[in-house]
Amino acid sequence: MMDIVTKSHFEQFKKHYDYADKAIEEVFELFVIYSVVSNYLKSDTINKSTLESLHIGNGGDWGIDGIIVFVNGKIVTTVQEVKDLCELNSFINAHIILVQAKTSKSITVSELGQTLDGSEYLLKDILEEEKLPICNESLQEYRDLLKYIYSRSADFIRGENPVMDVYYVTCGEYNQQADHIAKINKSKTWILSTNLISNYECHVLGKKELISLYKATMSKVEADLKIEHKMALPEIKDVEEAYLCLIPFTEFKKLIVDSNGVMISSVFYDNIRDYQGDNTVNKAMAESINKGDIDLFVAMNNGITIVAADLKITGTKVHISDYQIVNGCQTSNVLYRHSSVDGINNLTLTVKLVASKDKTVKDKIIVGNNSQTEVKREQLVALLDTQKEIEDYYNAQKRFEKLYYERRSKQYKSDNNIPVNRVITIPFQIKAFVSMMMGCPHEVGGYYGRIVERFDTNGEKVFASNTNPALYYTSALACYKMTEAFSMNRINRKYKKIKFHVLLAFRLMCEKTPIPNFSSHKIQEYCDHICEILSDNDKCKLGFEAAIKMIDEVLGREPKDRDSMDQAFTYCLMEAARMISQKREKSADAHI
């Protein structure tokens with residue numbers, strides 16, 4: 001049972017994620033998982049699909065309700081995402097977080113021990129030392145994911161093994177008990193002895209700590225710096241304050257590294273390119289650091305640009321909140337990777353600090369600061385313009401259901417009237433559009449940034465300037481409806497493994513005509529037809545049932561995880577849909 005304060009926050013979470021009809025125990029588990037993961041991803045919106053993919057509690061869970069795996073600061077749930085990030089960054093920096101949530105007010109040693117045993121089982125699985133208890137399918141998928149990560153141990157950053165944190169959370173007061181501490185210490189000793197984990201902590205939290213965790217999810221990304229050398233820039237329209245600063249790395253790293261020593265990758269959300277690994281420029285930067293050219297670095301480096309919503313300066317003290325590093329992702333990552341080099345804390349960086357709440361200003365700064373990179377200026381402008389057009393289309397939508405396109409990180413966070421499950425993040429949008437409209441669900445199992453790059457390389461842009469924005473909204477609406485159906489068990493969860501094929505199958509079974517060219521004037525009519533089906537509960541239900549039926553006929557068996565990456569499966573779906581369409585046409589002709 002929850003006390004009145006905990007229940008108040010819990011009810012707020014239920015409302016934001018539209019979990020009114022879900023069992024309290026399951027929602028509480030999701031509430032705790034959200035509170036934990038959000039404190040590691042302060043600048044990211046955790047959408048419903050992502051949150052539920054972290055939840056594994058369902059019998060056979062080894063005393064673990066949630067598993068969160070970070071690779072290079074990003075949540076990963078598939079092997080392909082790990083492959084993409086390793087290929088992109090040239091290293092793996094892994095963090096494993098296990099969560100167990102109890103609505104009870106007390107903790108027994110046996111219950112705590114079950115969760116601690118579960119954490120040990122995950123490592124014993126990698127060591128292949130003994131036969132382990134049977135587990136559910138969701139946990140098995142995470143076991144496979146962790147095995148793959150450890151199979152790439154040669155790529156671990158600085159040779160460091162993953163970090164592991166266990167969170168055991170209850171609704172009662174928690175006072176450390178000797179038998180609990182003894183159990184935790186015993187488990188910690190064994191786990192560290194495996195040499196698979198570089199650092200391990202078990203956090204046992206009561207209601208006060210849980211409430212603090214949840215409240216922290218509402219806080220902004222912020223940091224306090226000491227900057228002795230700064231110069232105010234000339235007055236700029238729609239910019240509150242702007243400074244050119246010289247900042248030692250010992251202060252700058254407060255912006256990019258959290259209290260656990262982990263890179264805060266979310267502050268690079270608005271950067272055009274992710275960290276590019278050991279490319280020519282980054283290698284040269286690393287070599288200069290290793291050679292000891294610390295003093296020269298400020299003269300050799302182009303500098304860093306940071307845009308913040310708020311900037312408060314009192315003498316040498318600077319408080320910065322809601323900030324994004326819009327240029328300097330490569331420099332920041334190289335410095336982070338070499339943060340143990342002697343004298344690096346004295347390295348100086350040239351940093352532009354700009355305070356502005358105007359999104360257009362931020363866009364212009366992004367373009368201006370990234371024009372010298374491999375991305376051409378016209379590509380940058382086109383990308384930003386396309387994102388704005390998509391956002392405008394969402395905002396103008398009056399006929400069908402209201403969704404909110406998150407063009408900028410957490411832009412709707414401060415509005416409590418907007419349900420989180422209706423906020424469409426860019427990664428969500430990319431996977432929905434590529435699967436449903438581009439007809440490539442087998443291409444979306446990896447990291448979203450690499451998905452865009454692969455299509456761009458092949459000459460098919462995911463965010464092309466001439467693509468009708470109705471296609472983005474329609475695919476997002478379909479994905480939103482599908483996510484809700486899975487959440488409420490209206491679609492059997494076994495199909496979640498191939499959910500993006502379900503999305504494509506829905507379009508194929510609902511369309512009246514083949515999808516027109518993306519820039520065609522016929523696209524609006526095409527999309528409106530699908531949106532009408534999606535907005536009618538009965539028709540929507542029938543549409544997904546038809547999609548599942550076709551998938552069953554094509555597969556002829558239970559869905560398997562590898563189906564999600566199978567191009568042949570996609571082709572078979574399209575061929576089956578074509579055959580069904582031909583039968584419909586013949587049947588219609590027979591009645592003329």
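This is a predicted model: local features need pLDDT of at least 70, side-chain atom pairs count only at pLDDT 80 or more; totals for chains, interfaces and linings use all residues.
Visitor: Let's start with the whole chain. How many helices and strands does the protein chain have?

Guide: There are 21 helices and 13 strands. The radius of gyration is 25 Å, close to the 25 Å that the globule rule gives for 592 residues, so the chain is as compact as a globular protein of that length. Along the principal axes, the C-alpha atoms fill a box of roughly 85 × 60 × 50 Å.

Visitor: And what percentage of the 592 residues count as buried?

Guide: That comes to 54%. As for contacts with a separation of 6 or more, 74% of them are between residues 24 or more positions apart.

Visitor: Now the sheets. What holds strands together in general?

Guide: Strands of a sheet pair through backbone hydrogen bonds, and they can do so parallel or antiparallel. Here, take the open sheet of six strands: its order is 6-10-9-11-8-7, and the pairing is mixed. Strand 6 (222-226) and strand 7 (229-232) are the edges, each pairing on one side only. On average, neighbouring strands of this sheet are turned by 40° against each other, direction ignored.

Visitor: How many bridges join strand 9 to strand 10?

Guide: Nine, with strand 9 (residues 304-314) and strand 10 (residues 317-327) running antiparallel. To find your place in that pair, look for D310, which stands opposite S321 in strand 10.

Visitor: Which strands does helix 12 lie across?

Guide: Helix 12 (residues 329-337) lies across strand 9, strand 10 and strand 11 (348-355). Its direction is at about 110° to strand 10.

Note on methods:
Residues are numbered from 1 along each chain as its sequence is written. Side-chain values use heavy atoms; hydrogens and water are left out. Two strands pair if DSSP finds at least two bridges between them. Helices (H or I, at least four residues) and strands (E, at least two) are DSSP runs, numbered from the N terminus. Axes are lines fitted to C-alpha atoms, for helices over the stretch in contact, and angles run from 0 to 180 degrees between N-to-C directions. Contact means heavy atoms within 4.5 Å. The radius of gyration is taken over C-alpha atoms; the globule rule is 2.2 Å times the number of residues to the power 0.38. Buried means under 20% relative accessible area, exposed over 50%, partly exposed in between (1.4 Å probe, protein chains only).
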